[in-house]
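Subject: Structure handover

Hello,

Here is the structure for you to look after. Please open it next to this message and follow along.

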Amino acid sequence: MGRNLGFLAAASLLAIGSAGCTGGNSNGQHKLEHARTTSVIGRPQVASLMMANGRTSAQYVINAPNPARYGFDVSVTARASTDVAVRIRTWYGAVFSNILISSHQSGACSLRGSQDVCSEHFPLLPAQRAGAWTVIAAKPSGPATTVRIAITFAKP
């Protein structure tokens, strides 16, 4: 009887704990909708993405806090001889295609030695939601290269 009671207690705790995690999308895959903001606020989420010769793309996932409360900065460093664009795709299907249109973009990018260094600021986005966002770097041509991307969320 004691063993059954222990099993029942464990099953009850599991059910209660999982009740708070009910996010999902239309195809049934679980997606994290609310990020743990204390772990990402003010801390860059960085990746060095290796990109092959020719037309290619590479990606990494960041944890975005509530975009209605936190703006974000994007920093991109790429070889000056390579043109790179950056976009973000959210877990719920929104696409921010204008994150960085080109690493040769005047105003956002400057040449430092043999590299383009780009910096963009994005204000609050009240219509968007927190969770896992995929950062995608793409290049239309050129030699193999590594692109460094850093995204930092902060209160405005």
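Which residues does alanine 68 touch, not counting residues up to four places away in sequence? Alanine 68 touches Leu124, Leu125 and Pro126, where contact means heavy atoms within 4.5 Å.

Before the rest, two notes on how to read the values. This is a predicted model, in which local features need pLDDT of at least 70 and side-chain atom pairs count only at pLDDT 80 or more, while totals for chains, interfaces and linings use all residues. Residues are numbered from 1 along each chain as its sequence is written, and side-chain values use heavy atoms, with hydrogens and water left out.

Back to alanine 68. This residue is found in the loop between strand 2 and strand 3 (strands are DSSP runs of E, at least two residues, numbered from the N terminus). Alanine 68 is partly exposed, with a relative accessible area of 31%; buried means under 20%, exposed over 50%, and partly exposed in between, for a 1.4 Å probe and protein chains only. The C-alpha atoms of alanine 68 and proline 126 are separated by 3.9 Å, although these residues are 58 apart along the chain.

Four strands make an open sheet in the order 2-8-4-5, with antiparallel pairing; two strands pair if DSSP finds at least two bridges between them. Strand 2 (56–64) and strand 5 stand at the edges with a single partner strand each, so one side of each has no neighbour in the sheet. On average, neighbouring strands of this sheet are turned by 25° against each other, direction ignored (axes are lines fitted to C-alpha atoms, and angles run from 0 to 180 degrees between N-to-C directions).

Inside the sheet, strand 4 (residues 85–90) and strand 8 run antiparallel and are joined by 6 bridges. Valine 86 stands opposite alanine 137 in strand 8. Threonine 134 also lies in strand 8 and is buried, with a relative accessible area of 12%. Leaving aside neighbours within four places in sequence, threonine 134 is in contact with Gln59, Tyr60, Val61, Arg87, Ile88 and Arg89.

Then the aromatic rings. A pair of aromatic rings is described by the distance of the centres and the angle of the planes. Rings of Phe, Tyr and Trp (its six-membered ring) pair if their centres lie within 6.5 Å; planes under 30 degrees apart count as stacked, over 60 as edge-to-face and the rest as tilted. The structure holds 6 such pairs. Phenylalanine 72 and phenylalanine 153 have ring centres 5.2 Å apart and planes at 40°, so this pair is tilted. It links strand 3 (residues 71–79), which holds phenylalanine 72, to strand 9 (residues 145–154), which holds phenylalanine 153. Both phenylalanine 72 and phenylalanine 153 are buried.

Phenylalanine 96 and tryptophan 133 form an edge-to-face pair, 5.3 Å centre to centre with 70° between the planes. Here phenylalanine 96 is in strand 5 (residues 95–100) and tryptophan 133 in strand 8 (residues 131–139), 37 residues apart. Both phenylalanine 96 and tryptophan 133 are buried. Ring pairs link Phe72, Phe96, Phe122, Trp133 and Phe153 into a cluster.

Last, the disulfide. The whole structure has 1 disulfide, defined as a pair of cysteine sulfur atoms within 2.5 Å. It joins cysteine 109 to cysteine 118, with 2.0 Å from S to S. The torsion about this S-S bond is about 110°, so the disulfide is right-handed. Both cysteine 109 and cysteine 118 are buried.

Regards
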